[in-house]
Amino acid sequence: MKTFHKILAAGAWLLSLPALANSPFLVSTDWLEKNLNNPKVKVIEVSVVPGVYERGHIPGAVNFEWHTDLVDPVRRDIVNQANLEKKLRAAGVNQDSTVILYGDNNNWFAAWGAWVFDVYSVKNVKLLDGGRKKWEAEGRALSPLAATPTAGNIKVSAANPALRARLTDVVAAAEKKTNTALVDIRLADEFTGKVFAPAGVQELAVRAGHVPGAVNVPWGQAVAADGTFKPVEELRKLYAGVGIDGKKPIITYCRIGERSSHTWFALKKLLGYEVRNYDGSWTEYGNTVGVPIANPAGTVWGGR
């Protein structure tokens, strides 16, 4: 009986502790609001629409600009090790920090940040479930004041190439030289080749369609109306419906790699599958000479 009471007491003590997060890889808006003053929690906004951060952001959040801070502005590449470490230290990130990423566009670019951080083995990285959209919809506080954190001491590891898919990996999968599943997360009209890209976007390929053998699960099918990820079992059923069940390695892709980062996060972090993101995506693949495509709609580039 004494042992039983000790177990109950231990359980009560554990439950009384403030959990660092309500998921290994996600935090809720409630949790984040309650932990904004936690010195070990560092919040980073990664939005793509200019001026969004400046008009108002989660109090204390630091701004990472996708176009310059998380990619190499000269090479078609992700940010390098040295620059990422410098940026994270300037954001106040320490070795023992928990980093919360969020942004606009349903966390597309925040998920890109999570993927890049994963490539460089940055620990304790989580997404704000629902992102900026949910935070604002709930009327939570926003601040126009730029954060000025004390410099951090994080050490960033060298990039792990095994966590990133390249053109050669995707071609090998298309030609069935590897046992790799391909998940195209673009809109159905992009996948079938009816359109080259969504209306208004600048990044184009001269061919429409998809990588042969890929299945199409548009990224939006993984989220609820409020922008949060659907429950894990719903996600598992969604992807299993097209044969993506984690039994073989997976590569996700879209047009430039940001939407596919969102699906990479769902498949790898939430479902635990072996997944690589192909950041070259359709703008690289569709513009590459000599690689096979599938184009059910038969759309041909008109040169205009």
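Predicted model: local features only at pLDDT ≥ 70, side-chain atom pairs only at ≥ 80, totals over all residues.
## Burial of strand E2

Strand E2 covers residues 41-45, and because five of its five residues are buried, the strand is largely enclosed by the rest of the structure. In a regular strand the side chains alternate between the two faces of the sheet. On one side of E2 lie Val41, Val43 and Glu45, on the other Lys42 and Ile44, and with these residues all buried both faces of the strand are covered. The buried set thus includes the charged residues Lys42 and Glu45.

## The largest pocket

The largest pocket has a volume of about 250 Å³. It is lined by 16 residues, of which Phe109, Val201, Glu203, Arg255 and Glu258 are the closest to its centre. By residue class, the lining of this pocket divides into nine nonpolar, three polar and four charged residues.

Three helices each supply at least two residues of the pocket lining, namely helix H4 (66-69), helix H6 (108-119) and helix H11 (258-270).

## Lys269 in helix H11

Helix H11 also contains Lys269. Is this lysine buried or exposed? Lys269 has a relative accessible area of 18%, and because the cut-off for a buried residue is under 20%, Lys269 counts as buried.

The side chains of Lys269 and Asp118 are joined by a polar contact of 2.9 Å.

## The largest cavity

How many cavities of 30 Å³ or more are there? The count comes to one, and about 30 Å³ of space lies in the largest cavity. Its lining consists of Arg186, Glu190, Phe196, Ala197, Glu203, Leu204, Ala205, Arg255, Trp282 and Thr283, which divide into five nonpolar residues, one polar residue and four charged residues. Glu203 and Arg255 are among the residues that line this cavity, and both are also among those closest to the centre of the largest pocket.

## Arg207 and its surroundings

Arg207 is found in the loop between helix H9 (188-192) and strand E9 (215-216), where it is partly exposed, with a relative accessible area of 25%. Not counting residues up to four places away in sequence, Arg207 touches Phe196, Trp282, Tyr285, Gly286, Thr288, Val291 and Ile293. Two of these contacts, Phe196 and Trp282, belong to the lining of the largest cavity as well.

A polar atom of the Arg207 side chain lies 3.3 Å from the backbone oxygen of Thr288. Although Arg207 and Asn295 are 88 residues apart along the chain, their C-alpha atoms are separated by 8.5 Å.

Terms used
Residues numbered from 1 in each chain as written. Heavy atoms only, no water. 1 Å grid on protein atoms, 1.4 Å probe; cavity = no way out; pocket = protein on both sides within 12 Å on 5 of 7 lines; lining within 4 Å. Points joined across faces, edges and corners; volume = space filled by probe spheres on them. Helix = DSSP H or I, 4+ residues; strand = E, 2+ residues; numbered from the N terminus. Buried < 20%, exposed > 50% of the residue type's maximum accessible area, 1.4 Å probe, protein only. Polar contact = N/O pair within 3.5 Å; in protein donor to acceptor, adjacent residues only side chain to side chain. Contact = heavy atoms within 4.5 Å.
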